[in-house]
Amino acid sequence: MIMNSTKVAVVGSGISGAVCASNLARNGISVTLFESTRGPGGRMSQRREVAEDGKELLFDHGAPFFNANNTEVRGLVHEWEAKGLVACWREKFGCFDRVSNKFVDLEQEGLISKRYVGIPGMNSVCRALCHEPGVESKFGVSVGRLEWLEDENLWSLIGLDGQNLGQFKGVVAADKNVVSPRFTSVTGRPPPLDLSLVTELAVKLNDIPVRPCFALMIAFAEPLSSIPFKGFSIKNSEVLSWAHCDSSKPGRSTSSERWVLHSTMEYAQTIIAQTGLQKPSNATLTKVAEELFQELQSMGLNISQPLFKKAHRWYAIPLDFVDRGAAFPATSIAREEKCLWDKNKRLAICGDFCVSPDVEGAIVSGIAAASKLTDVLSCL
Ligand SMILES: Cc1cc2nc3c(=O)[nH]c(=O)nc-3n(C[C@H](O)[C@H](O)[C@H](O)COP(=O)(O)OP(=O)(O)OC[C@H]3O[C@@H](n4cnc5c(N)ncnc54)[C@H](O)[C@@H]3O)c2cc1C
């Protein structure tokens, strides 16, 4: 067992960072986890909105569900299922063809992997892992710089506002953002990790494609009874690629019917070409919400007026979901090693982009990063 005074910093509370932090802590390593946003989950977040009548509306506006085909992931998922953190989403799914304006390809039972969802929201697992014994989580803290102190043989972390976040024997960067030029376009500063510190990893990290997507959260007072499925992909639409009924998931409130729609990547790229990479304005989000909703309405599904609608932009989704049962990896930069690793500096970089662009790939990568660090720290 490693002394629990051995400190490791994990940057990012998405599922890869959260799984990594929890595994490190279970191995006796004390972890401080930093997350820029107010809560855990990253692209497995749950969004809280309020309708005009004051009613709370919750939406899984990122990943709607995940699969567990990998043995290690399945082991973890069974543990989470036993704790009531996840459950199977047993509903019928299909595909809608925008040319014929008809549902096609009904999913055949038994051919598709089980779909898991967090309970009561997709962020439940990350939330639980970030609060396990041995993990100290700091939300709303953006890491602005990862500095390697050669003489001390330690990492020093500095916040975006220049505050000292502490010194650590090892670091896990659980988001490609720490090396991405996109960090600069959002913050106006250089990315936290200077790639000249880890030249061998730099080649792999240089060219990770990111794909944008808009999600539309909509709520209706009454169920959309003309739609025979609770989730469907949409083909031959220039605007929409996916729709699911969020309130049909287990453990959700059914006081309203809530749907989440995803735009096509091409639609999102067109909007970004017009408006830029910076945070979208309210006017842009309102226009996008209107256009995505109009596309749904024009599909001949007898859609009533919603009591709430709002768009959100995701701008880092390296994902080609041809069909939600089978994620097609757009890229993976460490398929064998599962994470990037610098043994001398005890730096691991993990996330979905290392293995496959889905929750399962992110979990596998987080497990690998924790294992590398545990091995090397146990020899110190
Ligand atoms: C719209 C959409 C639909 C999807 N559909 C599916 C699906 O059906 N099935 C599926 O399996 N997957 C799906 N995915 C993909 C899935 O959500 C991701 O693969 C997975 O959640 C990635 O986890 P991660 O930990 O690698 O990264 P993230 O979840 O992106 O986590 C990274 C975290 O790091 C934080 N961070 C970054 N930089 C810093 C910093 N400097 N300081 C502090 N914190 C920082 C970020 O705020 C973020 O919380 C979907 C994603 C989206 C957006």
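**Figure 1. The loop that holds Pro120.** Pro120 lies in the loop between strand S8 (116-118) and helix H3 (124-130); helices (H or I, at least four residues) and strands (E, at least two) are DSSP runs, numbered from the N terminus. The peptide bond from Ile119 to Pro120 is cis, and its omega is near 5°. Most residues other than glycine have a negative phi, and most peptide bonds are trans. The structure is a predicted model, in which local features need pLDDT of at least 70 and side-chain atom pairs count only at pLDDT 80 or more, while totals for chains, interfaces and linings use all residues. Residues are numbered from 1 along each chain as its sequence is written, and side-chain values use heavy atoms, with hydrogens and water left out.

**Figure 2. Confidence along the chain.** The average pLDDT (the predictor's confidence in each residue, from 0 to 100) of the chain is 91, and 92% of the residues score at least 70. Residues 317-329 have a pLDDT below 50. Beyond near neighbours in sequence, this stretch has 32 contacts in the model, a contact meaning heavy atoms within 4.5 Å. Where pLDDT is low, the predicted coordinates should not be read in detail.

**Figure 3. The sheet of S10, S11 and S12.** Three strands form an open sheet in the order S10-S11-S12, with antiparallel pairing; two strands pair if DSSP finds at least two bridges between them. Strand S10 (143-149) and strand S12 (164-168) are at the edges with a single partner strand each, so one side of each is left without a neighbour in the sheet. From one strand to the next, the twist averages 20°; axes are lines fitted to C-alpha atoms, for helices over the stretch in contact, and angles run from 0 to 180 degrees between N-to-C directions. Asn153 belongs to the loop between S10 and S11, and its phi is near 60°, a positive value in a residue other than glycine.

Figure 4. Strand S11 (residues 154-159) is joined to S12 by four bridges, and the two run antiparallel. Ser156 stands opposite Gln167 in S12, and Ile158 stands opposite Asn164 in S12. Four residues lie between the strands of this hairpin, and Gly162 in the turn has a positive phi of about 90°.

**Figure 5. The hairpin of S3 and S4.** Strand S3 (residues 47-50) and strand S4 (residues 56-59) run antiparallel and are joined by four bridges. Arg47 has Phe59 in S4 as its bridge partner. The hairpin has five residues between the strands, and Gly54 takes a positive phi near 90°.

Figure 6. Seven strands form an open sheet of mixed pairing, in the order S7-S6-S15-S16-S17-S14-S18. Strand S7 (102-104) and strand S18 (308-314) are the edge strands, each pairing on one side only. Neighbouring strands of this sheet are turned by 25° against each other on average, direction ignored. Within the sheet, strand S15 (residues 231-235) and strand S16 (residues 240-245) pair in the antiparallel sense over three bridges, and Ser233 has Trp242 in S16 as its bridge partner. Helix H6 (residues 265-275) lies across strand S14 (213-220), strand S17 (257-263) and S18, and runs at about 105° to S14.

Figure 7. A nitrogen atom of the ligand lies 2.9 Å from a backbone N or O atom of Phe65. An oxygen atom of the ligand lies 3.3 Å from a backbone N or O atom of Asp358, and a polar backbone atom of Val359 is 2.9 Å from an oxygen atom of the ligand. Of the 1000 Å² of accessible area that the ligand has on its own, the protein covers 95%; accessible areas come from the Shrake-Rupley method with a 1.4 Å probe, and for residues only the protein chains shown count as cover.

Definitions and conventions:
A polar contact is a pair of N or O atoms within 3.5 Å; within protein, one must be able to donate a hydrogen and the other to accept it, and residues adjacent in sequence count only if both atoms are side-chain atoms.
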